[in-house]
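Please look over the sequence and the model below before reading on.

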Amino acid sequence: MKKIFVYPLFMCMIFIAPIFGQSVSSLEGVVINENAEPMENVRVHLLNTSFTTETNTSGEFTFSQVPYGSYILAIQKQGFATTSQNIIVDGSTGTIEIELQVKTNRLNDVLVTAQKREEVVQEIPLSITSLSYEAVKARQIQNANDLTAIAPNLYASDPGDRRTVTSIRGIVSTSYDPAVATYIDGVSQFNLDTYITQLFDIERIEVLRGPQGTLYGRNAMGGVINIVTKKPEQGTSIFAEATLGNYDRQRYMAGVRTSLGEKFYFGVAGLYEEREGFYTNEFTGSSYDDQQNFSGNVYLQYIFSPTWNATLNFKHFSAENDGAFPLNMGIEAAFEDPYTLNQNEISTMKDNTFNTSLVIDHKGKNLNFSSQTAYQQNYRYYESPIDADFSPLDALSIINDYGKDWNTVKVATQEFRLSSPGRSDKNLEWTAGTYLFYQESPVKQATHFGEDAALIGSEQTNYSLINTTESTGKGIAFFGQINYRVTDDLGIIAGARYDHEYKKQSVLGEYQLDSDTEPQFEYQPDSTATANFNAFSPKIGLTYDLSEENLIFLTYSRGFRAGGLTPLSTDPSQPALFEFQPEFSNNYELGTKNSFLKNMLIVNATLFYTEVTDVQVPTLILPEGVIVTRNTGSLSSKGLEVELRALLSRGLEFSYNLGFTDASYESLLIAQDGNEVNLQENKQIYTPEVTSMFALQYNSNLGFGNNWNFRVRAEWKYLGEQYFDLANNLRQEPYNLYNGNLGLSYKDVDLMIWGRNIFDTRYISYGYNFGAVHLGNPATYGVTLSFKI
């Protein structure tokens with residue numbers, strides 16, 4: 001039934017675009033400032049089309065051969081508020097006059113690609129937060145873990161190994177297959193291994209809350225974090241940034257973007273960062289968790305014609321962490337002696353991630369087409385055994401340095417997407433496509449029992465249990481979504497996605513004494529299992545425009561997280577190759593978006609209710625750190641979200657995000673000490689009951705002229721009560737974090753003094769079900785100098 005429904009829907013949407021000729025006309029306009037003076041070098045773009053230009057010295061722009069229809073015109077210039085305008089091209093359109101205002105006098109019209117097409121955020125029936133380049137810089141967002149509370153009900157945390165575990169509205173990434181999908185430049189960061197957490201040279205960050213299965217598919221059950229980096233444009237710009245801070249922090253970033261003629265564009269950016277660890281290891285008397293990393297980003301774009309272009313992108317991330325997993329056993333120990341541990345085995349974790357993608361894009365009169373081919377690879381290992389008993393004992397350690405043939409995750413993806421053109425003459429917008437992936441995950445690691453293993457209950461010492469798991473996965477999906485305007489005020493949203501996945505996994509367990517060069521015997525014979533999964537993700541909704549500035553929407557959407565097969569562990573009660581099913585959710589939203597006082601005040605609010613069935617409950621098996629997943633129980637999550645932005649006076653901007661989530665288990669049966677325990681009504685993990693962020697920012701030229709700018713920003717984050725284990729024993733009480741910065745700039749040279757967690761609040765950012773916890777970062781402060789030529 002599901003296949004019968006989806007395939008015709010997909011094919012119908014592909015051919016819904018008209019194939020006959022279109023009437024065309026020219027479009028002319030002029031851009032002026034608040035003093036009615038013409039403005040040159042202003043970027044003018046018809047969204048979702050290839051029509052892009054800049055104004056001349058008279059502030060004028062012209063587009064030729066524009067097909068008849070309705071468009072959204074976007075006008076952008078640095079230092080001025082981005083402005084959008086709905087226009088109709090029908091042959092009688094006269095010269096359009098557009099006034100740009102400086103940013104201190106008006107809030108931006110925020111442009112996003114959340115629905116895989118360019119749109120104005122206030123006109124989209126989605127719960128979405130978007131941060132521009134300036135907002136990312138002002139908030140000092142430099143890592144994915146800095147995203148907590150920048151959007152209502154968003155929580156992000158580092159479990160101690162540079163990965164990022166994210167939750168939105170109580171939907172949590174609890175395994176290597178996330179529940180919140182992250183995209184960087186349109187490429188899905190497929191799992192926690194291939195995820196590049198370091199952020200730099202950012203154009204904008206979009207946070208989509210609630211299931212996004214229709215357009216984004218697998219593992220977008222909680223939402224999507226869409227990260228877009230800067231791309232080269234006409235002309236040449238050179239930029240650089242240097243940061244110095246406490247804990248010997250150094251951060252250097254530089255790059256260049258240029259155009260070579262009218263058809264070839266090139267951009268490259270690099271980042272180097274290092275710091276001392278926040279922790280002290282009493283065993284060695286030295287700092288622990290020292291980090292250094294390098295990130296690189298290269299763009300190559302070629303314009304074949306006014307409507308066809310190709311973009312090749314390379315991203316690379318390499319990191320060294322001298323002391324991964326800085327953990328304390330228990331919350332009391334963490335608070336009594338913060339940032340202190342005692343471990344005998346010190347190892348350097350090395351992490352190398354490579355992402356590349358090729359995008360071929362066509363924006364035509366009747367149809368837009370995009371093809372994205374991507375490849376991701378991550379090689380992650382410990383140079384020497386890493387401590388697994390978190391103590392001075394020579395009891396347990398993990399070994400995984402078996403060469404590049406092991407612990408190297410590889411993922412290839414392909415998406416073909418068709419969509420309606422930028423114009424609209426039938427009040428219809430649509431998107432359809434197909435998505436394919438292939439994944440390989442060969443994992444080999446040993447749990448070593450050392451000289452002191454008897455102290456933790458082992459009958460033998462000086463031996464290893466070597467676990468080998470070889471996994472492959474592949475899948476295909478078909479998707480489509482339409483937005484249809486029934487009347488001038490009433491609209492309908494309808495979409496569906498069908499996913500099919502196949503997984504194969506082989507496991508082998510071997511026993512080896514330290515005195516031997518080869519394993520003595522197999523405690524788990526070589527075994528193989530396969531599994532198939534299917535998911536159908538519909539979406540339907542209504543939108544109603546109360547006015548041009550006020551929108552309400554009601555939507556239903558279904559989300560899912562992929563199923564899988566459990567890996568091999570040393571725990572005989574947790575058999576390998578156990579098949580767990582996909583996790584599904586039903587989400588209902590009622591929201592409103594409002595702009596008042598000529599875009600001086602924005603008020604958005606959403607009520608949501610989510611039901612999750614076949615909940616994937618993870619169990620961390622020690623000492624090897626393997627996650628075993630089972631489907632058990634159901635979860636409900638309900639709450640509200642409010643976003644306010646206001647320009648209180650010239651240069652003074654206020655923003656406030658509030659999220660409330662009540663996420664608890666309606667049923668939850670887990671195995672504990674050989675018995676089955678009912679944890680019904682327990683709270684969801686990694687889900688603060690409240691996320692709140694209040695910010696004030698003031699910008700002024702201080703009377704020195706337009707080349708000078710002074711700014712000051714203050715932030716107050718409040719995180720409500722949350723838990724880190726299903727039994728709700730690891731509890732973090734509500735806490736406050738305060739951030740701020742002072743900045744002074746002259747033309748394109750900028751100096752900023754900043755601080756994060758200024759009052760050095762102690763709090764748990766991540767916890768494990770066996771009792772270990774990871775503290776949030778202490779007070780950090782520094783100075784950043786940047787320039788652009």
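A salt bridge is a side-chain nitrogen of Lys or Arg within 4 Å of a carboxyl oxygen of Asp or Glu. This is a predicted model, in which local features need pLDDT of at least 70 and side-chain atom pairs count only at pLDDT 80 or more, while totals for chains, interfaces and linings use all residues. Residues are numbered from 1 along each chain as its sequence is written, and side-chain values use heavy atoms, with hydrogens and water left out.

The structure holds 36 salt bridges. One of them joins D201 to R257, with the closest N and O atoms 3.0 Å apart. The pair links distant parts of the chain: D201 is in the loop between β15 and β16 (202-209), and R257, 56 residues away, is in strand β19 (residues 249-260). Helices (H or I, at least four residues) and strands (E, at least two) are DSSP runs, numbered from the N terminus. Buried means under 20% relative accessible area, exposed over 50%, and partly exposed in between (1.4 Å probe, protein chains only). D201 is buried because its relative accessible area is 10%, and R257 is buried at 11%.

A second salt bridge, between K231 and D185, has an N to O distance of 3.7 Å. Here K231 lies in the loop between β17 (223-229) and β18 (237-245), and D185 in the loop between β14 (180-184) and β15 (187-188), 46 residues apart. K231 counts as partly exposed because its relative accessibility is 40%, whereas D185 is buried at 13%. Salt bridges also link R169, R209, E589, E641 and E643 in a network.

The next part is a sheet. Strands of a sheet pair through backbone hydrogen bonds, either parallel or antiparallel. Two strands pair if DSSP finds at least two bridges between them. An open sheet of three strands has the order β25-β54-β53, with antiparallel pairing. Its edge strands, β25 (328-329) and β53 (764-767), each pair on one side only. Between β25 and β54 there are two bridges, and M329 stands opposite A772 in β54.

Strand β54 (772-775) also supplies at least two residues of the lining of the largest cavity. On a 1 Å grid over the protein atoms alone, a cavity is a set of points where a 1.4 Å probe fits but cannot get out; lining residues have an atom within 4 Å of a point. The lining of the largest cavity has 44 residues, with N143, N145, D146, F278 and N777 nearest its centre. These lining residues divide into 14 nonpolar (Ala, Val, Leu, Ile, Met, Phe, Trp, Tyr, Cys and Pro), 10 charged (Asp, Glu, Lys and Arg) and 20 polar (the others, Gly among them).

Definitions and conventions
On a 1 Å grid over the protein atoms alone, a cavity is a set of points where a 1.4 Å probe fits but cannot get out, and a pocket is an open set with protein on both sides within 12 Å along at least five of seven lines; lining residues have an atom within 4 Å of a point.
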